[in-house]
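Welcome! Here is a short briefing to read with the structure open beside you.

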Amino acid sequence: MSMNNKQRWMGGVVLLGGGVLLAALLLKGNEEIKQVEVQPSASPKTQTKPKQATEGQMVQLQPLAVDVATEKRLLEEQRRSREKAVAEQEARAAEFLAMQQQAEADAARKAAAEYAAINARRTAAQESSDNIPPEVVGSDGKVKSPQTDVNKKSVDSAKAEADKKAADAKRQAEADKKAAEAKRQAEADKKATEAKRQAEADKKAAEAKRQAEADKKATEAKRQAEADKKAAEAKRQAEADKKASDAKRKAEADKKADAEKARELLENGDKKWMVQVALAANQANADAVVSKLRAKGYKVTTSPTSKGIRIMVGPAKDRDTADAARKKITSDSSLNMKSAWVIDWVPLDQR
């Protein structure tokens, strides 16, 4: 095997080994990123139990989150873990790419140096040899040696091979750079999508909270309105009860005043003639008769007896006046009191 072929073989082995190593690292990085991405990200409200781990895999249990803040914190930690893993993978890929490029450049420089040394030895050997080949004049008019042409072709071939490798390495680096940029762009788009989704979730949560507060305020306002209405009704009822009680006390006071006035006339006056119009069995019947007589303008006096309540009109100045009042009462069909009579009435305490 010639030195040129050996160097080419060594360069190919270096390139192949670097490519295999780089591919393995990229594959491993992709698997790590996928494992990070497929970690459970479901809401703690829907997460009930972890999935069964497949053979040879480790299941990372996620802690149960109790509120939105904890959920956001877990999502942020997962995002930072993914970013860290991607950054480490990109750094390792860039490091191995640089190592590969350096190895290729070293191999190219070593091959060029070896080619130059071989050509130098060949040139020295040819100069010291007595068997010098005939010189050849080129198209440019210069004298050329066949061995010089061979050496020049070898150097040109080595240089072309090195340039080709350098160009391939440059293209590979540009392709890796584009791939890394596309990957970073994809990660950025994914982060933007997650941020947008999180913002929408936060907005919905805020709207739900505002709606709940509005409902609570409306409920409290309704309860307060009902309480105010009940309080107003109770106040009106108390006022009505007070008015009724006042009216009742006033009626009782008026009744008592009339009784006192009649008693005063009967006890202190000298006119005792009364017209007895009825004898009521109870106070209710007596009050009804008294109301009818008072509505007609008569002065009415009541006196309890053992047989009932005596109802009398008067007193009058004399018997004739009392008898005229009796006739007027008995002739009034609206009163319906046909059995009235005149009496000389004396209170019980004066008998």
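Buried means under 20% relative accessible area, exposed over 50%, and partly exposed in between (1.4 Å probe, protein chains only). This is a predicted model, where local features need pLDDT of at least 70 and side-chain atom pairs count only at pLDDT 80 or more, while totals for chains, interfaces and linings use all residues. Residues are numbered from 1 along each chain as its sequence is written, and side-chain values use heavy atoms, with hydrogens and water left out.

**Salt bridges**

- The structure holds 15 salt bridges, each being a side-chain nitrogen of Lys or Arg within 4 Å of a carboxyl oxygen of Asp or Glu.
- Glu 83 and Arg 79 meet through their side chains at 2.6 Å, N to O.
- Arg 79 is partly exposed, with a relative accessible area of 23%, and Glu 83 is partly exposed at 26%.
- Glu 83 also forms a salt bridge with Lys 191, with the closest N and O atoms 2.4 Å apart.
- Glu 83 lies in helix α2 and Lys 191 in helix α3 (residues 146–268), so this pair ties together parts that are 108 residues apart in sequence.
- Helices (H or I, at least four residues) and strands (E, at least two) are DSSP runs, numbered from the N terminus.
- A network of salt bridges links Glu 76, Arg 79, Arg 80, Glu 83 and Lys 191.

**Strands**

- Strand β4 (residues 300–304) pairs with β5 in the antiparallel sense over five bridges; pairing requires that DSSP finds at least two bridges between two strands.
- Pro 304 has Ile 309 in β5 as its bridge partner.
- β4 and β5 form a hairpin with four residues between them, and Gly 308 in the turn has a positive phi of about 155°.
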